Amino acid sequence: MQDRFVRSITQLPEALAGAIMPLLNQGFSGHLDAVQVKELCRVSGLDNHGLGLALLPLAASLAKPPVSDFYVGAIAIGKSGDFYMGANLELEGEALFHSVHAEQSAISHAWLSGEVEIKDIVVNASPCGHCRQFINELVHGQKVHIHLPGQATAPLSHYLPYAFGPADLNVTSPLLSKQQTELELESDDPLLIEALDHASLSYAPYSRCHAAVVLETDDGATFCGRYAENAAFNPSMLPMQMALSNLVRHNREFSSISRAILLESSAGKISLVGATMDALHTVAAVQLEHLVVDPVR
Ligand code: THU
Ligand code: ZN
């Protein structure tokens with residue numbers, strides 16, 4: 001079992017702890033597929049949402065909050081029935097806006113895994129205004145159910161009434177809906193190809209700055225982040241923040257980053273290069289490789 005779970009496993013009901021322990025091996029990064037979820041429900045006697053609530057201490061152990069020391073864990077439950085854990089991330093010594101919230105981390109985990117709809121978000125602290133706005137960007141966002149310990153379950157529409165959202169800016173294909181923007185690049189560098197693939201799946205209806213970040217670590221593993229914009233702009237999740245959250249979820253250290261790529265579309269009204277360099281330079285001493293590519297016409 002990974003060290004980071006040792007303390008939180010003691011907070012789980014005994015039957016659940018026993019059943020999940022074998023899954024918490026070195027490769028575990030917070031994903032449980034629908035079959036595993038079903039089995040854990042059976043063993044623990046909990047229903048789906050009860051299981052989500054019971055697993056929150058494990059999700060919170062994925063957090064890295066050097067500023068607040070406040071561990072937030074979240075689980076996004078996909079339409080597929082899979083559980084995607086996420087946790088908050090703060091960059092040491094850096095401006096607070098670089099932070100990733102647990103809900104954003106869990107949602108981006110689901111998105112990167114190909115999930116097309118999120119039905120529920122289970123979280124151990126009340127979702128802040130920024131997260132409510134972020135959830136509102138999702139497909140059927142107002143219907144996403146929020147589960148909190150000791151609180152009645154309620155849809156986002158309860159937490160965020162009179163919402164401002166994509167429809168106010170005439171965007172009809174919200175976050176997680178199937179969409180692809182073809183981008184052109186001739187390269188046989190696998191990292192650049194990965195960045196291109198993810199940038200084409202990024203969500204940038206407001207700026208058209210389709211973009212992705214790929215980070216490579218010393219062990220040859222790669223961690224990607226796609227740009228996820230928000231109708232209210234500020235709650236947008238930058239691809240570098242998503243990639244860093246992904247890397248931490250996979251139990252890698254920032255010091256193991258050996259390459260960092262930002263690929264963005266030339267059609268964007270903005271560029272993420274400045275913001276991306278800012279975040280990268282606080283965590284690793286590597287030069288950002290910046291590529292600007294054209295959309296396929
Ligand atoms: N936090 C979340 O992760 N989700 C919320 O909605 C509430 C706040 C995190 C952000 C920051 O890392 C810490 O909790 C303190 O605000
Ligand atoms: Zn939040």
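Two strands count as paired where DSSP finds at least two bridges between them. The views below all show a predicted model.

**Figure 1. The two domains of the protein chain.** The domain assignment divides the chain into domain 1, residues 3-169, and domain 2, residues 190-293. Taken over C-alpha atoms, the centres of domain 1 and domain 2 are separated by 22 Å. Contact between them involves 26 residues of domain 1 and 32 residues of domain 2.

**Figure 2. The four-stranded sheet β8-β7-β9-β10.** This sheet is open, and its four strands follow one another in the order β8-β7-β9-β10 with mixed pairing. At its edges stand β8 (222-226) and β10 (288-293), each of which pairs on one side only. From one strand to the next, the twist averages 15°. Strand β7 (residues 211-217) is paired with strand β9 (residues 257-265) through seven bridges, in the antiparallel sense. Val214 has Ile261 in β9 as its bridge partner.

**Figure 3. The six-stranded sheet β1-β3-β2-β4-β5-β6.** Six strands make up this open sheet, in the order β1-β3-β2-β4-β5-β6, and the pairing is mixed. Because β1 (31-32) and β6 (154-155) each have a single partner strand, one side of each is left without a neighbour in the sheet. The partner of β1 is strand β3 (residues 83-87), and the two pair in the antiparallel sense over two bridges. One residue to look for is Leu32, whose bridge partner in β3 is Phe83.

**Figure 4. Helices α4 and α5 across the six-stranded sheet.** Helix α4 (residues 48-60) lies across β1, β2 (73-78), β3, β4 (118-123) and β5 (145-147). The direction of α4 is at about 140° to that of β2. Helix α5 (residues 102-112) lies across β1, β2, β3 and β4. Its angle is given against β3 and is about 140°.

**Figure 5. The largest pocket, between domain 1 and domain 2****.** The volume of the largest pocket is about 280 Å³. Its lining consists of 14 residues, and those nearest its centre are Phe97, Asn234, Ser236, Met237 and Leu238. By class, the lining has six nonpolar and eight polar residues, and no charged ones. Domain 1 (3-169) and domain 2 (190-293) both contribute to this lining, so the pocket lies between them.

**Figure 6. The largest cavity and its lining****.** One cavity of 30 Å³ or more is found in the structure. The volume of the largest cavity is about 40 Å³. Leu62, Ala87, Asn88, Leu89, Ser105, Ser245, Val248 and Arg249 line it. Helix α9 (residues 239-249) gives the most to this lining, with three residues. Four of the lining residues are nonpolar, three are polar and one is charged. Residues of domain 1 (3-169) and of domain 2 (190-293) both take part in the lining, so the largest cavity lies between the two domains.

Terms used:
Residues numbered from 1 in each chain as written. Chains lettered and ligands numbered in written order. Predicted model: local features only at pLDDT ≥ 70, side-chain atom pairs only at ≥ 80, totals over all residues. Heavy atoms only, no water. Contact = heavy atoms within 4.5 Å. Axes fitted to C-alpha atoms, helices over the stretch in contact; angles between N-to-C directions. 1 Å grid on protein atoms, 1.4 Å probe; cavity = no way out; pocket = protein on both sides within 12 Å on 5 of 7 lines; lining within 4 Å. Points joined across faces, edges and corners; volume = space filled by probe spheres on them. Nonpolar A, V, L, I, M, F, W, Y, C, P; charged D, E, K, R; others polar. Domains from an automatic or database assignment.
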